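Trainee: I would like to go through this model step by step. Where do we begin?

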Amino acid sequence: MIYLDNAATTRTKPPCVARAVTEAMSDFGNSGRGTHDDALTAARVIYQTREQVAALVGCPRPDHVCFTANSTEALNIAIAGLFGPGDHVISTDLEHNSVLRPLYRLRAQGGEVGFLPADSRGRIDLDDLEKVIRPNTRGVICTHASNVTGDAVDITRVSAFAHAHGLILVVDASQSAGLLPLDMVKQHIDVVCFTGHKGLYGPQGTGGLCIREGLEIRPWKVGGSGVHSYLETQPPEYPTRLEAGTLNGHGLAGLSAALDWLEQTGVEAVREHDLALARQFYEQVRLLPGVTVYGDWDGTPRVPVVSLNLSNWDSGEVSDDLAERFGIATRPGAHCAPRMHRALGTEAQGTVRFSWAWFNTKAETGAAARAVAELARER
Amino acid sequence: MEEKKLIVTFGTTAGAMAMEKACREEGVPGRLIPVPRSITAGCGMCWMAPPEARPAVEELMIRRRLQTEGLYELLLRR
């Protein structure tokens, strides 16, 4: 199988990741639940992972890196823990349901949400931020890169707007972490939500949120903490504040190994490699008859994603043909981003999404482009 | 036999981990133990060091912005 569904999850991980998970599964006690060697072994690796994530996104406090199961959980915690009834929040049409559904729930609870509209190519205009702000606006929640088109958002511009108006900025780095640089201090970002199993090459079930010092997020999950057992409320200090219950220590050991690998390989090298393949594919398919490629390919920073359709063919059928006849793994359908599909006019059809990672090759990419060409000829 | 010990407590396990890492890197003595009952009835871990290490521990806490809760000198059975 030629695996080009890395925006869903990077299937091929560096070998050190599985090794680290396997070792952790025989070595780890429960971090923070005692001071014997096995508990401390787990706690040390988890703390080291906090330091690695903090370094990656420019979070000055490793103890403000709180781990969750994935981006969705991190975004739920951030949105529910920062905003409430009466608050207005700005977001964009590019967002994934992991942002949209918590925002719609906030709206049902008496909050308000304004969206920056995307055009028919899936582009937003950041000048619109000034049009959607209201007196009760408290925050901006914005993806760093669209999971449908791969187009990146200029977070520095968004943060300049948020900073100028005293708004909390939450960035969804699900598609960008490990590919595009972020610096929470330089870019005045309050919260970065990330997942471990995509561009960070860690195991599924790892993710988290990095929080600016001084920002108070209400916990929605309370329980075992390993500290202050007689307190009736969740201890207020990060990361314990948001981490009730046993952490996924085994997964985080894998994430730590993955982050070591990523540091040695270099985020920039990975980005250049992946984008070169995405660009190669784009150039090979964009002029084929009946092929529509979505997104902005005129020089906008992006992540290695190409979304396309063949004529009016159901994206699920195309993806299934690619898998069954050509052995190429892609993702069809709506990609959990309903507002974006509405903007692109692909609500019914969905799109076929190809996405690259470090372990993909030029030969695989060429084979995928030839498969699309063959399908295009048949239509 | 009871011995006087320096005890540093933390609000979170992450705080204790940062302390252990800083002490190991800078050769400050001590190790993590369960918090003695006389300080708090909760679970959790604390840094135990010989009392003569107090200046080095305090200097490290300030310089590396370690997040600690309390500093005690206790007689512990060791």
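Mentor: Begin with the classes: Ala, Val, Leu, Ile, Met, Phe, Trp, Tyr, Cys and Pro count as nonpolar, Asp, Glu, Lys and Arg as charged, and the others, Gly among them, as polar. This is a predicted model, in which local features need pLDDT of at least 70 and side-chain atom pairs pLDDT 80 or more, while totals for chains, interfaces and linings use all residues. Residues are numbered from 1 along each chain as its sequence is written, chains are lettered from A and ligands numbered from 1 in the order in which they are written, and side-chain values use heavy atoms, without hydrogens and water.

Trainee: How many nonpolar, polar and charged residues are in the lining of the largest pocket?

Mentor: A pocket is an open set of points on a 1 Å grid over the protein atoms alone, where a 1.4 Å probe fits, with protein on both sides within 12 Å along at least five of seven lines; lining residues have an atom within 4 Å of a point. Sorted by class, the lining has nine nonpolar, five polar and six charged residues.

Trainee: Where does the largest pocket lie?

Mentor: The domain bounds come from an automatic or database assignment. Domain 1 (2-10 + 266-378) and domain 2 (15-265) of chain A both give residues to the lining, so the largest pocket lies between them.

Trainee: Which residue of chain B meets Glu213(A) in a salt bridge?

Mentor: A salt bridge is a side-chain nitrogen of Lys or Arg within 4 Å of a carboxyl oxygen of Asp or Glu. Between chain A and chain B the count is three. In one of them, at 3.0 Å from N to O, the partner of Glu213(A) is Arg65(B).
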